[in-house]
Amino acid sequence: MSAQTQGHPVRTFVIAAVAMFITSLDNLVVTTALPAIRDDLNAGLDELEWTVNAFTLTFAVFLMTGSALGDRFGRRRLFMIGTAVFTAASAVAAMSDTANELIVARAVQGVGGAIVVPLTLTLLSAAVPPAKRGAALGAWGAVAGLAIALGPVVGGAIVEGASWQWIFWINVPLGLVLLPLSKLWLAESRGAAAKLDLVGTALLSLGLFGVVLGLVRGGAIGWTSGEVLAGFVVGGALILAFLVWENRVRHPMLPLGLFRGRAFSMTNLASVLMYFGMFGAIFLVAQFLQTAQGYSPLEAGLRTLPWTAMPMVVAPIAGALSDRFGGRIILAIGFVLQAIGLGWFALIASPTVGYGSLVAPFAILGVGMSLFYAPVVNMVFSSVRRDQEGIASGVNNAGRELGGVLGVAVLAAVFAAQGGYETPQLFVDGLVPAVWVGAAVVLSAAVASMLIPTGLRPVGAAAEAEAAEAAATGADPAAARPADAATGKAAGTPPHATIGS
């Protein structure tokens, strides 16, 4: 084993890849199972929203905590704890007899996933020699992208071939195999014992829960009801208290000073708006193919591939263009394409529209989404100092997840106000205005992206300069990079973001 590495590279990659695959898969695998869950558990729209949002909300809030816990208590130990939590919660989700039980299990799944995902990168980065680290992390990103692309398809195949419970049972044997292999194959390591912002985490979690509760319940019980108003008021107050606390605490969960820069704040605003519009639309479109058009779960999953699988082909090209030219224009083009795709879908959506008519808007959506992932990494990293890249990456990833939570809640509220599940036409009546809202939000992300200042040096150019300096001095540029506090990667290594990660 090299003095610069900790653990066997291949074995570590296998464990990291499998763990990343099952946690990423669970973000979208549930979308094609929603109609079956609705029928089997007699779940309402608000309960379907929480089935998705419970996982995403806890995952987003605890994402920046997972790596810090590993640094303090041992990365292998926390990875195993996170895997055990995720596996146990998957089993509970599979055995749920009510929608509320499933929602609680999904929330616990999100906590386990939030611990596991950043530690897969920490462990992998530590085990791979610096010269091969980029290739290893690229392969890790490909696995994550594959999980996202296959999520609706795998979910549809499992629901059609067995039952919706098996989308969760499938995690259990994989988790039980990962636990002993992690003990045998992973090297234990620790990082700097950074202080945990437990107060900030609690304030943000409870505040977001209150706001999302109000959005989810408003359509069902009325926007002026006591429960909804209390959710908005108490949730908003807790979020305000979170911002005040973060501005005063010595080791904040969210360093607010980063947002003083227009480049960082506009890039993150665009990211949140993109996930708001796109994830909310996916929540409804995945149900449209089954509820309004009558496709089986597997048929519905396969028909989303022009959308969900496109990033695997186009994202690497977008990353190369971003390294060369910077990300602002590429981001804006991607957002405009997504808005066009959503608007096109909204114009032609009907219970009887042929799938052939949907391929083009789905493909445009996929291309537009592909133009987001790599460029946004460049923009985030180019907008902060080198020693801030780690926390900046964590903030951006968490913000996207929270945007997805709010998108599902808001677009579902629009859907509930205009339509329902009683007939295919009634479903489309609610779907169309909700998708138009999603298109408008994504288009506003294009506006935000154009407010990012010009002249930011792309990360690729920075890496080339760093390599040239290292060649002149004989230093190892990868070894010299500070550790990424949020994801565990060498700072400057772009995280391979996915729609659900």
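Buried means under 20% relative accessible area, exposed over 50% and partly exposed in between, with a 1.4 Å probe and protein chains only. The model is predicted, so local features need pLDDT of at least 70 and side-chain atom pairs count only at pLDDT 80 or more, while totals for chains, interfaces and linings use all residues. Residues are numbered from 1 along each chain as its sequence is written, and side-chain values use heavy atoms, with hydrogens and water left out.

**Exercise 1.** Decide whether Gln165 is buried or exposed, and find what it touches.

*Solution.* Gln165 lies in the loop between α6 (133-161) and α7 (166-169), helices being DSSP runs of H or I with at least four residues, numbered from the N terminus. Its relative accessible area is 18%, so Gln165 is buried. Leaving aside residues up to four places away in sequence, Gln165 touches Asp40 and Ala94, where contact means heavy atoms within 4.5 Å.

**Exercise 2.** Classify Asn42 by its accessibility.

*Solution.* Asn42 is placed in the loop between α2 (34-41) and α3 (45-73). Although Asn42 is not a glycine, it has a positive phi of about 55 degrees. With 68% relative accessibility, Asn42 counts as exposed.

**Exercise 3.** Describe how α11 and α18 run relative to each other.

*Solution.* The axes of α11 (residues 262-291) and α18 (residues 424-450) come within 8 Å and cross at roughly 160 degrees, the axes being lines fitted to C-alpha atoms over the stretch in contact and the angles running from 0 to 180 degrees between N-to-C directions. Therefore α11 is roughly antiparallel to α18, a term for angles over 145 degrees.

Definitions and conventions:
Helices (H or I, at least four residues) and strands (E, at least two) are DSSP runs, numbered from the N terminus. Angles under 35 degrees count as roughly parallel, over 145 as roughly antiparallel, 65 to 115 as roughly perpendicular and the rest as oblique.
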